[in-house]
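Please keep the structure open while you read the points below.

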Amino acid sequence: MQKNKTRLTAAEIASLWTSYMNDSMAKCILGFMLKDLEDKEIKGVVQYAYNLTTAHLKRLDKFFQQSGQPLPNGFSDNDVNMEAPWLFSDIFCLTYINHMARTGLISYGGFLSMSTREDICEYFTIGLHETSVLYNKSNRIALNKGLLARHPYIETPNVTEYIDSKSYLSGLNPLSNKRALNAIEISHLYMNVMTNTLGVTLSLSFAQTSPIKEVSDFMLRGGEIANKHIKVFTDILLQNDIPTPRLPDVSVSNSVTQTFSDKLIMFHMSLISAAGTGNYATAAAASQRSDLAMNYERLSIEIAKYAKTGADIMIKHHWMEKPPGTKDRKKLAQNKNGS
């Protein structure tokens, strides 16, 4: 059987649908960034990312046509105001590309692992490679410009050791001293500080440019939550004499002109909320100190409540596009029988 004649599985349909939504959103944001970028190197990597999203959308369009699936509405030129004043600094654009490439690596890895049809696997394999190239490009440019927030260095161990006490896993008792952080725990704390810092800037830029108070308030609340989480993580690092991330000045302008549609910015916040929840779940599973795992679980609940509020707003305004799904068989039978 030809590889493109095999029916798509539910996982493949979900992966293609999610990819289309994400790429159509990214194309709007990257296209707007490109018009005001001044740094040639940064503009080059943003252009590379824009070209990738454009090529991805064309390929995804073919997949939907071949399978007879309706093409998602996603996002289009109607969701971005190209006449709006500049909003993001060049440094923010580079930081944004680096962060979204990191998220893309996780997404493409997940899509690939759930796919079985040869052409779908090939598409996500290529996407994973392209995103790796994008991530490395943005890393290299940030490093050369002194803008890369490196993870901290720790003293290199001289010998291999084994855990010799259950107390290594403790940390909830406020009356006992907590053991020092290990390298795995440091890496996740550090990464979550950096991702939340970008979230603060992004939510503020969306808040100041949205004409709808409900949306603007939601974005401001997102910034408050991200700042709260940053403090939790940095306090833990400082208690262990670990330096906090030295982040570049990822500033935005003072423009209040609507730049992106409210539908797009609400979708974007739901996307980074989902990514944040995934990051916390991974960190909780990897952290062996019980207080750290408890913190990640507690903060994940806060993100989940925030995401639910966002979903309610999107449904209220008819901004939430419904993913492909199965028919309700019982409802079909009831309608058929006139009940």
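1. For the classes used below, Ala, Val, Leu, Ile, Met, Phe, Trp, Tyr, Cys and Pro count as nonpolar, Asp, Glu, Lys and Arg as charged, and the others, Gly among them, as polar. With these classes, the lining of the largest cavity has 13 nonpolar, 8 polar and 1 charged residues.

2. This is a predicted model, in which local features need pLDDT of at least 70 and side-chain atom pairs count only at pLDDT 80 or more, while totals for chains, interfaces and linings use all residues. Residues are numbered from 1 along each chain as its sequence is written, and side-chain values use heavy atoms, with hydrogens and water left out.

3. On a 1 Å grid over the protein atoms alone, a cavity is a set of points where a 1.4 Å probe fits but cannot get out, whereas a pocket is an open set with protein on both sides within 12 Å along at least five of seven lines; lining residues have an atom within 4 Å of a point. Grid points are joined across faces, edges and corners, and a volume is the space filled by probe spheres set on the points. Helices are DSSP runs (H or I, at least four residues), numbered from the N terminus.

4. The structure holds 2 cavities of 30 Å³ or more, and the largest cavity has a volume of about 390 Å³. Its lining counts 22 residues, with D23, A26, M100, G104 and Y108 the closest to its centre. The helices α1, α2 (40-67), α3 and α4 (118-144) each supply at least two lining residues, and α3 gives the most, with 9.

5. The second largest cavity holds about 320 Å³ of space, and N196, G199, A226, I272 and S273 are the closest to its centre among the 22 residues that line it. Here the largest share of the lining, 8 residues, comes from α7, and the classes are 10 nonpolar, 11 polar and 1 charged.

6. The largest pocket has a volume of about 820 Å³ and is lined by 38 residues, of which S270, L271, S273, A274 and A275 lie nearest its centre. Again α7 gives the most to the lining, with 12 residues; by class, the lining of this pocket has 20 nonpolar, 15 polar and 3 charged residues.

7. Finally, α1 (10-34) is among the helices that each supply at least two residues of the lining of the largest pocket.
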